[in-house]
Amino acid sequence: MHKEISSLSLISHHQALPPTMKKYYQLALVIVSLVSVVTLLFYRHEYNRLRYVLEVLNFFGKPGVQQSSLSSNDCLNTNSSVHERKFPSFAEPTPTWQRLSSTHFLYSAFWEVSGDERRVKALSLEFGDDIPNFGCSFWFEDRDAPVTGKFSFSKIDTKETGNDALKDISKPKIVGYYLFCKAKDVVNVPYGVTFYKTDDIVPSKAFIPVYYTYEKSALSNSTTICIAASATPGLLKSTAAEFLSYHQLVGVTNYVIYDGGLPNRVLSVLRGSAVRDGLGLGVSVLPWNFPIPSLQADTAASMIMEKDCLLRTAGRVHNVATLTWEEYIVPRYHHLLASMLDDFDAGRKTTSRFEIPTLIFCTEFPDDERAEPASPLVFRKTRYSKTGNSERPFFVYRPHLISISSNREPTLTTTQRVSQGIAAVHRYTTCTQGNGQLADKAYLNEPAMLRFSGDLKRSKLLKAWSSGRLFI
């Protein structure tokens with residue numbers, strides 16, 4: 001009742017105002033109305049921006065947030081330790097294949113400290129029968145002239161990695177070498193090293209940047225996968241999305257990719273902020289301009305990539321393995337790969353590598369009856385070759401347990417063999433021979449991958465790829 005009287009009094013007061021005051025009163029009302037409209041439009045604009053940001057966060061996740069595994073929903077992980085974690089970079093300085101002689105090629109070099117000895121260790125291949133005979137020198141940032149070093153070498157052990165060229169006498173011999181360069185009183189880390197032939201009138205030289213990191217703090221559950229370059233260029237977008245989605249699901253968030261000819265659109269996505277900040281993956285891409293015909297040196301190339309991967313991640317990663325885009329590490333009971341390895345080695349904590357069996361899943365085999373036609377390949381192909389096996393053993397390494405012995409070859413403390421009942425590497429490939437017939441038509445069923453189907457279908461990366469928001 002009081003409010004009604006006050007309103008009537010205000011109206012009566014307004015009607016009682018003189019004409020001049022009425023004009024000012026009306027002007028004030030107009031100004032207030034304009035300010036209200038402008039304020040409303042401003043808040044509406046900010047509301048729309050906030051709603052867009054929330055939609056992005058709901059799709060990609062909060063920048064800087066890393067998930068060890070994907071849950072059944074897209075809720076953000078608010079764990080403070082996850083927020084603070086940074087992805088290590090393994091791509092600087094960038095390596096590349098260089099010719100040192102007509103038959104010898106260098107790829108990468110690393111600064112190695114073993115006790116009181118400090119030296120550069122380079123990875124190389126000899127495409128012939130020549131024995132390495134080179135000179136070497138260091139380059140330091142505070143010196144204009146190089147410092148001459150003492151050259152030595154050792155052959156990379158091929159007992160377990162195999163060598164296609166050695167198996168077939170019709171192929172040229174391909175040998176992997178470690179090239180060493182050291183000098184007295186060298187304490188500082190060189191930024192590069194030069195190897196050169198000493199018996200040429202005009203010596204050929206190859207400068208290699210030296211990889212070294214001062215930050216060596218491997219997390220106890222950290223796992224990195226190095227992805228080997230394919231023998232031929234190209235990669236389907238679905239292959240990349242499915243591979244990364246699955247291995248993120250089993251706890252792998254760091255990747256080193258050897259680029260032997262990836263499509264530009266795939267590379268731009270892998271190097272972009274959406275993968276790192278939105279999807280929680282750390283990706284380092286390294287060039288792989290392999291100088292030897294790949295069909296003659298597949299095993300040698302794989303050997304160098306694996307050695308480079310181990311040296312590049314040493315001291316910064318707890319577990320590391322080298323896979324191709326067509327290979328998946330599939331635990332049968334554990335959800336996370338790191339947890340499986342920890343449980344398998346719970347008693348000793350001294351295992352430097354785990355040997356895991358490889359199963360060949362021929363894409364020509366019939367699809368699983370339970371799989372949807374449009375589902376990922378790994379869910380449709382659950383039958384593996386009964387007699388097929390891998391040409392080389394597959395290992396998951398623990399670089400911090402691999403020591404450097406006096407003969408300059410890494411020493412493996414212990415190796416544990418993981419049974420197929422615990423885990424296996426699934427390799428998806430065509431098995432048809434040149435005559436169009438399958439080499440082996442007998443197969444066995446292995447449905448271990450199917451237990452990840454629900455989580456994988458809900459993964460952010462696969463959602464982004466299937467919706468067209470990722471590769472645009």
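Helices (H or I, at least four residues) and strands (E, at least two) are DSSP runs, numbered from the N terminus. By that definition the protein has twelve helices and 22 strands. This is a predicted model, in which local features need pLDDT of at least 70, side-chain atom pairs count only at pLDDT 80 or more, and totals for chains, interfaces and linings use all residues. Residues are numbered from 1 along each chain as its sequence is written, and side-chain values use heavy atoms, with hydrogens and water left out.

**Burial**
- Of the 472 residues, 45% are buried, meaning under 20% relative accessible area (1.4 Å probe, protein chains only).

**Disulfides**
- The structure holds three disulfides, each a pair of cysteine sulfur atoms within 2.5 Å.
- Counted along the chain, the bonded cysteines follow the pattern 1-2, 3-4, 5-6.

**Cys136 and Cys181**
- These two cysteines are joined with an S to S distance of 2.2 Å, and the link is right-handed, with 90 degrees about the S-S bond.
- Cys136 lies in strand β4 and Cys181 in strand β6, so the pair ties together parts 45 residues apart in sequence.
- Both Cys136 and Cys181 are buried.

**Cys226 and Cys309**
- The S to S distance in this disulfide is 2.0 Å.
- Cys226 in strand β9 and Cys309 in helix α8 are 83 residues apart.
- Cys226 is buried at 0% relative accessibility, and Cys309 is buried at 1%.

**Cys362 and Cys431**
- This disulfide, with S to S 2.0 Å, is left-handed, at -90 degrees about the S-S bond.
- Cys362 is in strand β15, whereas Cys431 is in the loop between β21 and β22, 69 residues apart.
- Cys362 is buried at 2% relative accessible area, and Cys431 also counts as buried, at 16%.

Terms used. Buried means under 20% relative accessible area, exposed over 50%, partly exposed in between (1.4 Å probe, protein chains only).
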